[in-house]
Amino acid sequence: MDFSNDIVLNYTVAAEEYQLTFGILDSTVDRTLQLCVVHGMAIGCGALLMLLSWVVIIKKTTPMFILNQLTLMLMIIKSALFLCFLFGPLSSLTYKFTGLFPEERWHAFHIYIATNTIHTLLIATVEATLVFQIYVVFKSPEVRNLGYIMTCAAGALATTIVSLYIHSTVISARQLRQQLMEQDVTPTNSWVNNVPVILFSASLNVVCIILISKLALAIKTRRYLGLKQFDGLHILIITSTQTFIVPSVLMIVNYRQSTSYSTLLANISVILAVCNLPFSSLWATSANNSPTPTSSPNTVFSRWDSKISDTETLNQDMPLIPGKAEKIQLVSPTTEKGDVQTVCGSDGDQDLIDRILDDMDGAVMTTELNLRDRMC
């Protein structure tokens with residue numbers, strides 16, 4: 001059996017003896033490596049989603065597209081700065097277990113401030129995108145008044161969340177500065193760091209419920225109108241990738257786990273929420289009564305779906321708009337009257353076509369008589 005985690009390490013700092021186990025060192029290193037992997041993947045996913053958005057999205061001047069691109073860019077910058085902080089002196093084992101200040105501590109302090117500032121801006125852009133999605137979902141004239149109420153409520157909640165994140169960022173920066181200047185650190189309450197995360201989780205849960213309700217309403221509406229339904233796989237994809245259900249569940253699980261995993265799960269939840277924004281934006285802007293069931297409007301995939309829908313419509317025997325007169329002419333290569341089939345909605349059109357064909361037959365007969373006279 002391996003008892004290396006129980007081995008005690010004794011060391012002396014400023015004539016004071018300390019001791020810890022190698023298990024504590026291993027868990028600290030593992031935590032740092034996990035955060036490095038998570039934020040490295042965040043940089044890769046953010047860059048890939050930005051590139052795919054430029055390729056797939058058709059209209060690139062919409063507010064939704066601009067907000068998504070800005071959010072992804074901030075996530076990339078924040079993750080890059082956080083990696084610099086993890087590899088800096090303030091994240092070293094020496095500083096954590098001895099309290100000895102490194103020489104480049106102020107450079108690491110500036111990186112810490114920049115990371116928290118970009119993180120606050122990231123939360124602000126995420127909340128702005130969520131509020132705009134709620135506005136788009138309730139943009140229909142039938143629920144416009146409810147949409148105004150929901151948008152105002154979501155905007156108030158987003159403003160509160162961003163304000164609390166700003167307060168938490170300022171307090172944490174002040175505490176680290178006092179610690180680096182070897183001053184007495186002002187203690188703070190636990191709600192300063194917990195309440196912003198809880199409210200951010202609540203905002204994700206609200207938008208998740210709204211988007212799932214839109215999916216249920218879309219299924220009911222399409223069944224009522226007799227339109228083609230979403231298949232099971234399509235519903236599963238929408239639920240898992242376009243409704244924030246995964247980051248919402250992780251946010252809830254975050255408070256049921258031990259504190260040793262709270263930071264990791266919080267980072268994963270925020271990263272997944274940012275990566276889900278482009279997909280949820282597509283579902284928020286999709287129409288429930290479109291001829292073809294789609295969850296990706298304003299993309300190259302919607303053009304492909306519309307072509308398939310047009311082909312299927314032309315192959316049907318029933319008209320696209322019932323109740324309106326339609327005319328379909330199938331003309332053969334010859335010019336005989338019997339080779340023309342006409343389907344019309346009024347007798348006047350039929351009489352007009354008959355007169356035109358009679359005139360054409362008369363003109364042909366006159367031409368043949370003139371040729372015969374000249375030959376004679």
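In the hairpin formed by strand 1 and strand 2, two residues lie between the strands, and Ala14 adopts a positive phi near 55°. Strand 1 covers residues 8–13 and strand 2 covers residues 16–21, and the two pair in the antiparallel sense over six bridges. Within this pairing, Val8 stands opposite Thr21 of strand 2.

Of its 376 residues, 36% are buried. The accessible surface comes to about 22,900 Å², and carbon and sulfur atoms contribute 64% of that area.

The mean pLDDT is 80, and 77% of the residues reach 70 or more. Among the elements of the chain, helix 2 has the highest mean pLDDT, at 95, while strand 3 (residues 328–331) has the lowest, at 35. Over residues 304–348 the pLDDT is below 50, and this stretch has 32 contacts in the model beyond near neighbours in sequence. Where pLDDT is low, the predicted coordinates should not be read in detail.

The UniProt record, an unreviewed entry, lists the feature "transmembrane region" at several places, including residues 37–58 and residues 111–136. Both of these spans can be compared with the model. Residues 37–58 are 91% helix and 0% strand, with 33 Å between the end C-alpha atoms. Residues 111–136 are 100% helix and 0% strand, and here the end C-alpha atoms lie 37 Å apart. Other spans that the record gives for this feature include residues 70–91, 148–171 and 191–212.

Is Thr120 buried or exposed? Thr120 counts as buried because its relative accessibility is 9%, under the 20% cut-off. Leaving aside neighbours within four places in sequence, Thr120 is in contact with Val162, Tyr165, Ile166 and Thr169. With Thr169 there is also a polar contact between the two side chains, at 2.9 Å. A polar atom of the Thr120 side chain lies 2.9 Å from the backbone oxygen of Asn116 as well.

The other residue is Lys60, which sits in the loop between helix 1 (22–56) and helix 2 (63–86). Lys60 counts as partly exposed because its relative accessibility is 28%, a value that falls between the cut-offs of 20% and 50%. Which backbone oxygen does the side chain of Lys60 reach at 3.2 Å? That oxygen belongs to Trp54. The backbone oxygen of Ile57 lies 2.8 Å from a polar atom of the Lys60 side chain. Not counting residues up to four places away in sequence, Lys60 touches Trp54, Phe65 and Ile66. Lys60 and Asn298 are 238 residues apart in sequence, yet their C-alpha atoms are 9.3 Å apart in space.

Terms used
Residues are numbered from 1 along each chain as its sequence is written. Side-chain values use heavy atoms; hydrogens and water are left out. Buried means under 20% relative accessible area, exposed over 50%, partly exposed in between (1.4 Å probe, protein chains only). Accessible areas come from the Shrake-Rupley method with a 1.4 Å probe; for residues, only the protein chains shown count as cover. Helices (H or I, at least four residues) and strands (E, at least two) are DSSP runs, numbered from the N terminus. Contact means heavy atoms within 4.5 Å. A polar contact is a pair of N or O atoms within 3.5 Å; within protein, one must be able to donate a hydrogen and the other to accept it, and residues adjacent in sequence count only if both atoms are side-chain atoms. pLDDT is the predictor's confidence in each residue, from 0 to 100. UniProt positions are given in the numbering used here, feature names are shortened, and annotations may be inferred rather than shown by experiment. Two strands pair if DSSP finds at least two bridges between them.
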